[in-house]
Amino acid sequence: MDGSLHPVVPRWNTERSFLTGRFYQETKPKSQLGGSKGISSESFSYQGPENPIGYYTASVQELLVIDDLLHALVGIEGRYISMKRMRGKEYHITYHIDPTMDLALQELTKRMLPLCEHYFIISQFVESRSHFKYGLVNHAFAAALRSLLIDYQTLVAQLEHQFRLGKLSIQGLWFFCQPMMASMQALTIVLQKASINNYMGSAILNLLQSQAMAMAGDNAVRSLLEKMTQCASSAYLCILERWVYEGVIDDPYGEFFIAENRSLQKESLTQDYSAKYWEERYSLKDPIPIFLTNVAGTILTTGKYLNVMRECGHVVQVPISEKVKLTNFGSNHQYLECINSAYEFASGELLNLIKQKYDLMGKLRSMKHYFLLDQGDFLVHFMDIARDELAKKPDTISVEKLQSLLDLALRTTVAASDPCHEDLTCCVERTSLLNRLGTLQDLEEGMKNLRACVATVEISKTAFDNNDHSAPVSITGVETFSLNYKVKWPLSLVISRKALTKYQLIFRLLFHCKHVNRQLCGAWQTHQGVRMLNTFGTAISRSAVLCRSMIKFINSLLHYLTFEVLEPNWHVMHNRLESAKSIDEVMEFHDFFLKKCLKECLLLLPQVLRKMETLKSICLQYASSVQWLLPSLYITVDANESSFGRGKSKLRRSKSKRLASKSSAESMSFAETVIKFEKEFNEELQSLGPILSNSSQAEPYLTHLAQWILGIGNDS
């Protein structure tokens with residue numbers, strides 16, 4: 001953790017030797033070997049006696065050695081046992097024995113010197129890891145070690161008392177020291193690893209727990225390490241308790257395994273398509289304590305749920321009793337029951353809050369009415385009154401005017417009874433549906449191929465003859481019009497910008513299909529205007545057959561999209577949401593619904609979608625040509641029939657011949673136009689049949705659409 005974020009220990013706390021607890025080790029002058037290269041040492045020894053220990057008898061040597069060992073056991077040098085620390089290695093010291101010492105005494109002394117080294121290392125660790133920057137877990141661990149050292153020092157004091165009474169021999173000293181050797185050695189191993197790797201937080205707990213499991217054959221050592229783990233984890237469990245019971249991260253030293261990214265705000269859910277608020281605002285980070293690995297996801301989710309409720313202003317706290325406090329993680333796994341209980345409570349509270357207070361299902365039903373055209377009467381009215389505005393290019397459309405027309409359509413239709421209709425707004429995109437799909441990188445299937453298809457479809461829109469009768473086709477408001485919806489927190493967790501964009505893609509497809517259907521119906525009404533004429537076998541009758549085939553195609557497509565894709569999938573999602581047990585399940589079911597609808601609505605099948613867009617483009621151009629050419633042709637023919645019916649003067653007969661000649665030329669042009677569109681439509685339709693048939697083997701939902709399309713092709 002950055003040093004600027006935690007208190008700093010004053011320099012005098014370390015510079016004044018009598019405040020460190022090790023003044024008795026540091027009052028001797030340092031060695032002058034500091035300038036030498038390589039591994040140097042600092043000697044803490046003072047000038048020893050003139051006589052080496054070998055000068056004395058064995059019995060006197062034993063007394064001198066015991067006295068030195070009692071000092072060395074608490075980190076103080078003796079007269080004949082010197083202590084040297086390796087420069088650059090904070091926790092590495094060595095002891096040197098006077099070589100003139102009796103060999104038997106040397107052997108016993110060497111057996112006890114590792115215990116002296118262990119004490120020194122532990123005391124150094126306690127002193128250094130008590131500083132603020134090492135975190136709460138290290139503080140708790142150091143406090144537990146300090147308590148252990150107090151017991152150790154008490155034992156040394158008792159041994160010294162026995163020595164003063166003349167009741168302690170060197171064999172007796174070894175007897176009392178021997179039981180502590182394994183425990184102190186195990187702790188030293190842990191501390192050296194922790195110091196070298198600068199472990200904090202979860203890493204310390206994992207190190208202690210793994211070392212305890214490695215010492216399964218030694219009950220005393222294992223029990224000591226488990227006790228140290230319990231003590232060190234107490235501070236960690238306090239952080240955990242606040243998170244799972246209040247949804248608050250109280251982690252001043254960054255030790256907790258859940259990280260908070262404060263730069264991510266909940267407002268991004270309604271603004272950014274790729275917002276990662278729910279996934280990344282709170283996330284797991286390594287290392288995770290071993291005893292919490294299996295429930296880490298549950299812990300993360302519990303706190304996130306409580307956090308959402310707190311940000312909604314809904315104050316909630318998991319009820320706590322004395323029995324469910326997270327004070328330790330014993331072998332009875334009670335802490336797991338506490339965590340699971342907290343999760344169930346938080347999950348249920350948040351789900352009830354979103355479903356009841358914020359009416360999630362009502363919002364989704366409202367979106368279904370508008371985006372999935374569940375109640376399309378408002379759309380019919382809107383398309384009638386906004387026809388002129390939608391015919392413009394996207395850059396020239398007035399969004400404010402469209403919004404006022406949309407509001408008018410909503411207020412004058414059954415949509416006015418929807419309490420959420422005021423949340424509906426309109427917008428105009430700048431690109432076509434295919435281009436928009438190509439920009440959404442997360443739509444998994446076929447997006448790379450889809451971008452290649454965009455250019456092909458755009459070319460196909462202008463691939464027809466540039467004759468005088470063909471109306472140019474370009475992108476207009478009809479192709480770029482879309483709806484928007486105002487969603488507030490916490491419903492934005494479910495109806496995020498990403499989810500709303502997927503609704504918009506489906507709406508744009510349905511809206512354009514509705515527009516194509518209306519244009520073809522207009523062309524069909526134009527054909528009905530010439531029914532009183534004898535058009536059997538003419539281009540007009542051929543055009544009527546083509547128009548009927550196109551209407552059947554677009555109606556089949558709309559029927560498939562609405563009744564065989566959207567409606568069944570909606571009911572499945574609705575039933576799942578009713579039985580959902582957490583907000584994560586709600587988001588999962590809703591995302592699955594949208595993903596499945598996108599796929600089954602052909603928006604993720606680029607080859608099929610390209611064919612459909614080409615067919616719709618042909619239908620629109622045909623409808624435009626028919627509504628332009630057929631009325632003028634009908635007026636000319638009607639004038640001819642009126643002239644021939646009268647037949648009273650040469651002047652009238654001459655005029656009728658000119659009209660008939662004109663009608664014949666226009667009829668030939670109209671026939672050529674109809675034949676061209678018929679050829680284009682049938683070719684695209686026939687090429688679509690095999691694609692659907694082949695795709696339906698891997699995508700069974702295309703079977704019904706394939707049957708409809710193949711039926712139209714056979715009729716044609």
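User: Taking contact to mean heavy atoms within 4.5 Å, what covers the buried residues of α13?

Analyst: In this predicted model, the elements that cover the buried residues of α13 include α12 (360–371), α14 (387–390), α15 (399–411), β7 (481–485) and α19 (497–528). The buried residues in question, within a helix that spans 377–385, are Phe378, Leu379, Phe382 and Met383. Seen down the axis of α13, these buried residues fall within an arc of 130°, so they line one face of the helix.

User: How many aromatic pairs does the count come to, and what makes the pair of Phe481 and Phe511 tilted?

Analyst: The count comes to 22 aromatic pairs. For Phe481 and Phe511, the ring centres are 5.1 Å apart, which is within the 6.5 Å required of a pair. Their planes stand at 45°, whereas stacked rings would need under 30 degrees and edge-to-face rings over 60, so the pair is tilted.

User: How do you know that the charged end of Lys266 sits over the ring of Trp489?

Analyst: The distance limit is 6 Å from the ring centre, with a further limit of 35 degrees from the ring normal. The charged end of Lys266 is 5.9 Å from the centre of the Trp489 ring and is counted as sitting over it. Lys676 likewise lies over the face of Phe677, at 3.7 Å from the ring centre.

User: Which residues line the second largest cavity, and what gives the most to its lining?

Analyst: The lining is made by Tyr277, Trp278, Arg281, Tyr282, Lys304, Asn307, Val308, Glu311 and Trp489. Helices α9 (277–280) and α10 (296–311) each supply at least two residues, and α10 gives the most, with four. This cavity has a volume of about 60 Å³, in a count of four cavities of 30 Å³ or more.

Notes
Residues are numbered from 1 along each chain as its sequence is written. This is a predicted model: local features need pLDDT of at least 70, side-chain atom pairs count only at pLDDT 80 or more; totals for chains, interfaces and linings use all residues. Side-chain values use heavy atoms; hydrogens and water are left out. Buried means under 20% relative accessible area, exposed over 50%, partly exposed in between (1.4 Å probe, protein chains only). The arc is that of the directions from the helix axis to the C-beta atoms. Contact means heavy atoms within 4.5 Å. Rings of Phe, Tyr and Trp (its six-membered ring) pair if their centres lie within 6.5 Å; planes under 30 degrees apart count as stacked, over 60 as edge-to-face and the rest as tilted. On a 1 Å grid over the protein atoms alone, a cavity is a set of points where a 1.4 Å probe fits but cannot get out, and a pocket is an open set with protein on both sides within 12 Å along at least five of seven lines; lining residues have an atom within 4 Å of a point. Grid points are joined across faces, edges and corners, and a volume is the space filled by probe spheres set on the points.
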